[in-house]
Amino acid sequence: MKCAWLAASHARDQYDWYNDMPMTAADPLPTLNSEEILRYSRHLLLDEVGFEGQRRIKNARVLLIGAGGLGSPTALYLAAAGVGTLGLVDFDIVDASNLHRQVLHGTSDVGRSKLDSARDRIRDVNPHVHLEPFNTRFDAGNALEILRDFDIVVDGTDNFATRYLTNDAAVLLGKPNAFGCIFRFEGQASVFGAQNGPCYRCLFREPPPAGLIPNCAEAGVLGVLPGLVGTIQAVETLKLILGIGEPLIGRLLLIESLGMTFRTITVRRDPACPVCGDAAAGGATIRSLDDRAADYDDVTCGVPTANSDSSNGAAMIREISATDLAARITRGDDFDLVDVREPAEWAIVRIDGARLVPLGTIGDASNEWDRSREVVLYCKAGVRSMNAAEQLVRKGFTNVTNLTGGIVSWTNDVDPSLQRY
Ligand SMILES: [Zn+2]
């Protein structure tokens, strides 16, 4: 059923006013053709957007880091809204386990590059959008070069290394960063790097140590949640382009979907912040991406690397590949194989001969174990099991081994018939 006022708004001649818009050399905004005017008519009817606002949107250049869970709704809505140029950075391919939340991609796209899939979908949503794909990992070597030509960056990353890099590059170039992140049933959104506003480092100075945080492949998330948070990032991006409303500058929006609560906390710019702070206050020590600690790039997805700090016990933990572990099992070597994942994951797939001791219980459970007997630990991708291994080493276990790459590697390299998840 159509509202009466909506029908009335159609009846009037809604196009007479924008024809008065001057197009002079001092007005560099692009024009809209008749197809675009029809397409964006519900924007044109808003005083806060209007013809000039829509031309601003068309003139805008927005860089999306990641074409995944957060990048899907932001790309779709920003394309639909008529953002003239969308840059898209991703090097991944579409996996079946992406589809429950990454609505940019469909079942027929599994195995394709995310950029190809996104290009086809975005072209269908709005052929007026110019796409600039970057089929690469966003890293310290290319971040400034890629971001330099864009007006706004949308952080759709799923790991701390890229999140800090995106923040630092945005601050160094003076570009606002429409930030979002998700975890399980919770999300956060803000606008960082705006003039006089705080940045992500004002809130969290340094990335957490590798291994402390779950691997992006390991953390569960409600499929709709990135839709909720990414849509908020798209709204903030449009507000920044249009200069309307109150963007989330200096505010962190906290979303908790189980209780369905939204609240904002105030975030102030920290004069001592290493990237956006003031030199007089001991801040602004990062003046180029080269000034950052070299180990940031090793925190990707929280996977500990060979040069992890040895003081946490990592140096005493042996790593074993899936194929080597399979050979040892076949040989009949004597060790305990312990799966530290959650029962729901154990129910999906497991390695024969293992026993389940979820990470949260291994501290107590291992009190009864023989500290000299070899324990081989595995999880999904190798992060939680490394955490468990470090706990055991701290308790005096002397023979601890971690399965590199977890059951994902086992499935890939040893037994492809096993269920993936
Ligand atoms: Zn800062």
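## Terms and overview

A helix here is a DSSP run of H or I that holds at least four residues, and helices are numbered from the N terminus. Helix H11, for example, covers residues 322-331, and glycine 332, with a positive phi near 85 degrees, follows H11.

The model is predicted. Its chain has 421 residues, 50% of them buried. The secondary structure amounts to 15 helices and 13 strands. When contacts in the chain between residues at least 6 apart in sequence are taken, 67% of them join residues at least 24 apart.

## Strand S1 and its partners

Strand S1 spans residues 61-65, and four of its five residues are buried, which leaves the strand mostly covered. S1 pairs with two strands discussed here. With strand S2 (residues 85-89) the pairing is parallel and runs over five bridges; within S2, leucine 88 stands opposite leucine 64. With strand S4 (residues 152-155) the pairing is again in the parallel sense, over four bridges. Isoleucine 65 has aspartate 155 of S4 as its bridge partner.

Strands of a sheet pair through backbone hydrogen bonds, in either a parallel or an antiparallel sense. In a regular strand, side chains alternate between the two faces of the sheet.

## Helix H5 in the crossover

S1, helix H5 (residues 71-81) and S2 together form a β-α-β unit, and the unit is right-handed. Is H5 enclosed or exposed? Nine of the eleven residues of H5 are buried, so the helix is largely enclosed by the rest of the structure. The buried residues of H5 are Gly71, Ser72, Pro73, Thr74, Ala75, Leu76, Leu78, Ala79 and Ala81.

## The zinc site

Which protein atoms are donors of the zinc ion? They are the SG atoms of Cys199, Cys202, Cys273 and Cys276, which lie 2.3 Å from the ion. Along the chain these donors follow the spacing C-x2-C-x70-C-x2-C.

Angles among the four donor atoms of the zinc ion run from 91 to 124 degrees, and the site is tetrahedral. The cut-off behind that term is that all angles of four donors lie between 85 and 135 degrees. Cysteine 199 and cysteine 202 are both buried.

## The five-stranded sheet

An open sheet is built from five strands in the order S9-S13-S12-S10-S11, and the pairing is parallel. Its edge strands, S9 and S11 (355-356), each pair on one side only. S9 and S13 are joined in the parallel sense by three bridges. Isoleucine 320 has leucine 403 in S13 as its bridge partner.

## Helix H11

In H11, Ala322, Leu325, Ala326 and Arg328 are buried. Viewed down the axis of H11, these buried residues fall within an arc of 160 degrees, so they line one face of the helix. Thr330 and Arg331, on the other side of H11, are exposed.

What covers the buried residues of H11? The cover includes strands S9 (318-320), S10 (336-339), S12 (375-378) and S13 (400-403), along with helix H15 (406-413).

## Two loop residues

Aspartate 109 sits in the loop between S2 and helix H6 (114-125). Its relative accessible area is 11%; buried means under 20%, so aspartate 109 is buried. Once neighbours within four places in sequence are left aside, aspartate 109 is in contact with Val94 and Ser117.

Isoleucine 249 is placed in the loop between helix H10 (225-242) and strand S7 (251-256). Is isoleucine 249 buried, partly exposed or exposed? Isoleucine 249 is partly exposed, with a relative accessible area of 32%. The contacts of isoleucine 249, leaving aside neighbours within four places in sequence, are with Val191, Ala194, Gly197 and Leu240. From isoleucine 249 to alanine 194 the C-alpha to C-alpha separation is 6.9 Å in space, while in sequence the two are 55 residues apart.

Notes
Residues are numbered from 1 along each chain as its sequence is written. This is a predicted model: local features need pLDDT of at least 70, side-chain atom pairs count only at pLDDT 80 or more; totals for chains, interfaces and linings use all residues. Side-chain values use heavy atoms; hydrogens and water are left out. Buried means under 20% relative accessible area, exposed over 50%, partly exposed in between (1.4 Å probe, protein chains only). Two strands pair if DSSP finds at least two bridges between them. A crossover is right-handed if, with the strands pointing away from the viewer, the path from the first strand over the helix to the second runs clockwise. Donors are N, O and S atoms within 2.8 Å of the metal (3.2 Å for Na, K and Ca); water is not among the atoms, so sites may look incomplete. Four donors count as tetrahedral if all angles lie between 85 and 135 degrees; four count as square planar and six as octahedral if opposite donors are over 155 degrees apart and all others between 65 and 115; anything else is irregular. The arc is that of the directions from the helix axis to the C-beta atoms. Contact means heavy atoms within 4.5 Å.
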